[in-house]
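Please read this briefing alongside the sequence and the structure. It is arranged by topic.

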Amino acid sequence: MREKLIILMFLILSSIGYAQTVQIDPRLEKAYSLEHLQRMQKETPLNLELLNYELDYSWYIAEPEMQQKIDGFEYLYYKDPETGEKAGMVESIEPGKVNIAEFYYERPYDHRNFYRVGKTNTIIGFYSNKEFSEMYNAMKGYSYE
């Protein structure tokens, strides 16, 4: 019984310490309230860590060879923070200042999704859920092979 209590205390203290180390990326406040993010930081820090990682590593600016397919892609829209629905069209993005938390996009499980940015020739690609999960797990050092 004592061993179980010690293990339980260790797990609780570990999760508290972990929660305090996961910082809230301020860019997430475009999609979530600060209260929600703070609750996530306390209760589900791994989810917050995943959202932080997603901001920088789940998308990319497509290579020029994708330009020939631009007419087949939907336009990228902002996401209304209240409803989660499409809001105004994204007219341009500035490399180094992209905040995908502001965007309305879909991330299918098994294929990438591409969107055209306004009347620019810029195409933003989003990795599939499967690819993104594999990238995150590799970053964390997890392997399922």
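The points below cover a helix, a pocket and two individual residues. The model is a predicted one. Helix 4 packs its buried residues against helix 3, and helix 3 also gives the largest share of the lining of the largest pocket.

**Helix 4**

- Helix 4 runs over residues 129–140 and has 12 residues.
- From its first C-alpha to its last, helix 4 reaches 16 Å, close to the 16 Å expected at 1.5 Å a residue.
- Phe-132, Tyr-136 and Asn-137 are the buried residues of helix 4. They lie on the same side of helix 4, because the arc they cover around the axis is only 130°.
- The partner against which these buried residues pack is helix 3, residues 45–57.
- After helix 4 comes Gly-141, which has a positive phi, near 85°.

**Largest pocket**

- The volume of the largest pocket is about 170 Å³.
- Its lining consists of 13 residues, and those nearest the centre of the pocket are Glu-54, Lys-79, Ile-100, Ala-101 and Tyr-105.
- At least two lining residues come from each of helix 3 and strand 5, the latter spanning 103–104.
- Helix 3 supplies 3 residues, the largest share of the lining.
- Sorted by class, the lining of the largest pocket holds 10 nonpolar residues, 3 charged residues and no polar ones.

**Asp-56**

- Asp-56 is located in helix 3, the helix against which the buried residues of helix 4 pack.
- Its relative accessibility is 38%, so Asp-56 counts as partly exposed, the range for that class lying between 20% and 50%.
- In sequence, Asp-56 and Asn-99 are separated by 43 residues, while in space their C-alpha atoms are 8.3 Å apart.

**Phe-73**

- Phe-73 sits in the loop that links strand 1 (59–61) to strand 2 (74–75).
- With a relative accessible area of 16%, Phe-73 is buried, because the cut-off for buried is under 20%.
- Beyond its neighbours within four places in sequence, Phe-73 has contacts with Met-66, Phe-114, Tyr-115, Arg-116 and Ile-123.
- Phe-73 and Asn-113 are 40 residues apart in sequence, and the C-alpha to C-alpha distance between Phe-73 and Asn-113 is 8.7 Å.

Notes: Residues are numbered from 1 along each chain as its sequence is written. This is a predicted model: local features need pLDDT of at least 70, side-chain atom pairs count only at pLDDT 80 or more; totals for chains, interfaces and linings use all residues. Side-chain values use heavy atoms; hydrogens and water are left out. Helices (H or I, at least four residues) and strands (E, at least two) are DSSP runs, numbered from the N terminus. The expected span of a helix is 1.5 Å times one less than its number of residues. Buried means under 20% relative accessible area, exposed over 50%, partly exposed in between (1.4 Å probe, protein chains only). The arc is that of the directions from the helix axis to the C-beta atoms. Contact means heavy atoms within 4.5 Å. On a 1 Å grid over the protein atoms alone, a cavity is a set of points where a 1.4 Å probe fits but cannot get out, and a pocket is an open set with protein on both sides within 12 Å along at least five of seven lines; lining residues have an atom within 4 Å of a point. Grid points are joined across faces, edges and corners, and a volume is the space filled by probe spheres set on the points. Ala, Val, Leu, Ile, Met, Phe, Trp, Tyr, Cys and Pro count as nonpolar, Asp, Glu, Lys and Arg as charged, and the others, Gly among them, as polar.
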